Amino acid sequence: MADERPGDITLLLRRMDAGDAAAQEVLYVTIQGQLRELANDFVRGQPAEATLGTTALVNEAYLRLAGGPEGEWKDRRHFFAVAAMAMRSVLVDHARRKRAAKRGGDMERVPLDGLAAPFEERAGDLLDLDEALDELAALHARVAKVVELRFFGGLTCAEAGKVLGVSTATVEREWEFARAWLRERLG
Amino acid sequence: MNPAELERCMQAFGDALALPEGARQGCIDAACGGDPELSRKVRGLLGTHARAGEFLEPPPISRAVPARLLTGAAEGGRREGAVVGGRYRLGERIGSGAIGEVHAAEDLLTGEKVACKVLRHALVEHGLRSEIAALRLLRIPGVVRMIDEGIEGDTPYLVMELVTGAPFPGVALPAPWRSVAGTAVALLETLDRIHQAGFVHRDLKPGNVLVDAEGRPTVLDLGLALHPGRPCADEGIVGTPNYLAPEQLRGERATPASDLFAFGVMLHEALTGDLPRRSCRFGEAGVQCAPPGPRESVADCPAAVADLVARLLKPDAEDRPRTAAEALRFLEGASPRRSPGRLPWLGDDAIVRAVVAAAERGESVDVCGGPGSGRTRCIEEAAGRLERTGRTILRFRQGQGFGCILDAAESAVLGSVDEAKAVARARLEQLFGEGAVAFADDWERIEPWVRDVLSECRGRGTVVRVLDGTAEGAISPTPLSRADLMDLFRGPDPVFHLREHAAEAILAKSQGRPAAVAAEASAWVHAGFARWEGGRLAVSRDGLDRLHGGSIDEPQRAGGRDLRGLSADLRRIAAVVQLAGAQATPEGLAPVVRLPAWQIDARLSDLAAAGIVRYAPPGPAAPTAPLDVLSALDQEEVRDAHAKLAATLPPGDEERLGHIVGARDMDAVPAEVRLRAQRLMDEGRCGRAISLLGEAVGAVRDDPSGAPFAEVLEDLLLAGLRASSAGCFDRVVYEVEMCPEPAPRLGKLADLARSALGLLRGVWERSLVSAESMEPFPDARLELARQTVRVLAARRGGIARERAAIDSASAWASTCGLPEARRALVSWLAWLRYNEGRFAEAADLHERAAGMARDPATRASSLASRVTALMDGQRLDEARRAVREALDAVALIRDPALEARLLCMERSVEYRLGIADRPDPDLPCIIGQADVRDLEAFASLTEAAIAWRAGRSDEARSLASRSARLYMALGMEHFACLPDALRLTCSRSPEPAEARSIARRIASCPLPGLAVQAAGLLAMAVPDLSLALPTPDAWLQALPRPTWAVRREVLSVEEALYRRVERRGEDGSADGAREFHGEAAADDLRPQQPA
């Protein structure tokens, strides 16, 4: 049966806290893998609950990776920041492959359609959104981060505020602005 | 926009948004400082915001909701996006027919692309559904694979493999024969297999045969073909009129000959571009068809092909070729070879030598054997050998008259048969005088006048005849044995016994008859299970498993020798012999044909004398060539025979399942599958057991509230636990969730499956909690499963938890009355002792558990665990004996993974005992094919160490490097520091930077044994470098003093401490102990004084 290392995630998170960039990279890749797997599970309808929010998905990923009951909020906070990035990356990747496939590129297995669909319903083409977000990030990094945390990570404004170290009110303001800006930008 | 602008914009936007609409204008102006551009932007954004609705709101994730399907062609487009069976999402429509419409679909469970056919009418008839169920169990190469079927709402659907390609023949029309030859021949072969399985397609047409880029055809829509025994009156005319045979148009039942008619039409169309001309009138009196009109001659079409097409299109089914195989024979010579050359000569060549010897003595000889027995090949070999010695070979064949001894000019002037015979006789004698040898293949079919001449000349020279029946003094080719067949294959043998298994598989399907072997080999290549490599077949392990998994070998029904020439009772018995396989003895057949055994014995002897069967009591009778069962029995009788044969076999017998399916007794399938699966697991063939059970689930799924459904799922879960297969647990959970209202029994089962899944995925704590909190199962086997999951989960949580779980389980295990439970308890205790470091006790307990095992697979597994314990306890001599014992046990089962592990351990033990002196660089690759985690890495490390000790530093370095890379790729960095250190030791000029990097990793390595060795190696590699290795006290304390002298994976502790290693010099000299730098060990590695 498979091997797991319960201590590693917490270790990685602490290192990340201490500024270890490599740890963030490792964590990022690990979470991506875990999210994909979880997405598979949800598509198959494994959990008992009928609907699950993005938060629950990311929570679940954390539990699996950390291998135990929830750790300190401080650790989880970083986790969620990275998880949101990972989620975005997974979905954008998926959209890119689908687009390539339509043009006659190599058809890979894409069991993430089920997961991606609700995102696409609310934001349209994820590749366009991704580009637009990058543009926004060039103009104001934190605003783009807010979008990432809320849309891809499913955090509330309060939780996002804790991650970014600003007040809830600031997050709310930036969030509403970002929505309008992106909406305009995406046409 | 620049960042500063955006910031201001955002400020203004935010301020304004906080105010009610009316008050915003003023605020905007103020915030924008009078900049109209900015003002405009902000207003624009506010407007956009107001209209944004749900844009970018974080989405929930919901399960796809199955949509109600609508029937009717017009609705096809509306179905896209619907999810069927909770699993298949329909895509665009790709075809439609009389029966229903086909959509491309996606299997959300596996991610595969499939085809889903949505049917118009419910297939209500139970018999038909059981046909489909039977079809799913029989996999026919060249026919589209059926994956699933079910009902959504009130609409039935079928799920098949998605096939892409162009309709037959796959090239533009009209096409020259050579462009379509390969495809046409392949299609005929597939048709032959379909008919042999007892099916008739009924709807063969170009649209139903898709041809891929390489010309391989795949037949579709077979699942809707009716069994010939079923009346189809109520359906009216089914099929596309253009391809229907006249009897089908009249509403009569379709037969294999009807399929052949359709094939004829298809071939005609392919070669000419037109349908054959015929006029059909659908009138009051039924349908009248005029025969196809004369065709224009087609360029590039061999006469044989045109002839065949004409025959296939005959309006009267009796006039057409009876079987696809017969049709193929017409094409012989006209079609290109499909397999690359002939099969290599297999088996011993005594027969060939006998023929050659007879020729050398100038004597005539006969070779007997039914068609397909290899007799032709045999004489071809003999002819080849004789030709090479300079003799002339005369080949007489049906249809060629005296062509090989008289040329056309000579023939033309002959006036009468007698004249021809006289001239031929003289010529033949003359040629015999020159040493020529005459070969006459298929004697009975050669023209009588030719035979006369040959018979007369037999005494004057060598005439080698090939006969169907028997003759005095004749030699016959014997069927190929398994050993002979092994030569057909390539493959690595030590771990996989691929050639053995493949030979067995092909033997089972062909009974060793060379023609059947060739056909089977060709089918395997066609189906993608095997490839030709250098004249031999390379089969992959995966291919063999797929060939076996889930498919049931049904004995042949159609095609083969016609039995109508025999008397009625002989005919029947011959057919039953074909079906009965190993039961074809008088006792075995008595209940089937209902005659006393002695009468059956007599008839079998008659059949043997006529050359139909081989019969040597007390063994079973076996056909000398496949028999056309359907020429003696109708389908009812065939099924009845299978039913009776099934009844006489004990449940779980290897042959029984095939007979149950042959009898179409689908209700009996689940119980039989369960028994068979149990047997397979006892033999260690878990993969095959799981496949069978998986297929059985499909068969019982109709009645989820019934007992068989639950029972099969339970067995599947238990199999999954044994094989550590996540797929099984997934399947159990999925099937239960698909039930509308699962019974509590099923719900509980699903919970256990989820718990086991969690364990496999690494979420052990939740697994443990859920397993503990479940109510005990009344069924002891399932309760044992629950306890097992619990103990395995607890093991992840450390020794205290493991102990607690075992304590808790032991009360139940010792009193529950299930022997496996007591054995499991002993096994758990063994692992607990192992984790506690009490290796000797662990080894003893594993041995006890092995003794308590009731099947070879479990025993082998326990013996292997014992070896691990002995090795870690550094008891190498015992380990060596134990690994031998374990390997013997593994030889009785088929578990490549376990065998690979044991080979790996054996090699390491040999190394540690110092008896391995030559590295075997291929061994890690072979072991790696078993695909078990870190085995290849470990094996590479062992070989590296062996090479190093033998003084072969370069080899050692490359092997060590490979080992390190493999460990790193698996994420096992701590294990990698040992091979990395060894690699450095073998380098000519080790880099200090690298040494430091490795030292850092060693410092954080949690495994003392590895760390000590790695540190020692590193110190030997770069002796002058101060590496700041941490003090090893903690390490050394963890390693018991008495074991310091024993060699570990690479070094012994003492060697590491004192840096003194016994190895050969680079020149191969055995120098005994060599010190690496001649000095005493550095202080930081010396053990502290108090022990």
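Predicted model: local features only at pLDDT ≥ 70, side-chain atom pairs only at ≥ 80, totals over all residues.
Residues are numbered from 1 along each chain as its sequence is written, and chains are lettered from A and ligands numbered from 1 in the order in which they are written.

I begin with chain A, where helix 6 (residues 126-139) packs with helix 7 (residues 141-152) at an angle of about 145°, their axes being 5 Å apart; helices here are DSSP runs of H or I with at least four residues, strands are runs of E with at least two, and both are numbered from the N terminus. The axes are lines fitted to C-alpha atoms, for helices over the stretch in contact, and angles run from 0 to 180 degrees between N-to-C directions. Helix 6 of chain A contributes Leu133(A), Leu136(A) and Ala137(A), and helix 7 of chain A contributes Ala141(A), Val143(A), Ala144(A) and Val147(A), where contact means that C-beta atoms, placed from the backbone, lie within 7 Å.

Now to chain B, where an open sheet of 3 strands has the order 8-9-10 with antiparallel pairing; two strands pair if DSSP finds at least two bridges between them. Strand 8 (166-167) and strand 10 (217-219) of chain B each have a single partner strand, so one side of each is left without a neighbour in the sheet. Strand 9 (residues 209-211) of chain B is joined to strand 10 of chain B by 3 bridges, and Val211(B) has Pro217(B) as its bridge partner in strand 10 of chain B.

Notes
Contact = placed C-beta atoms within 7 Å.
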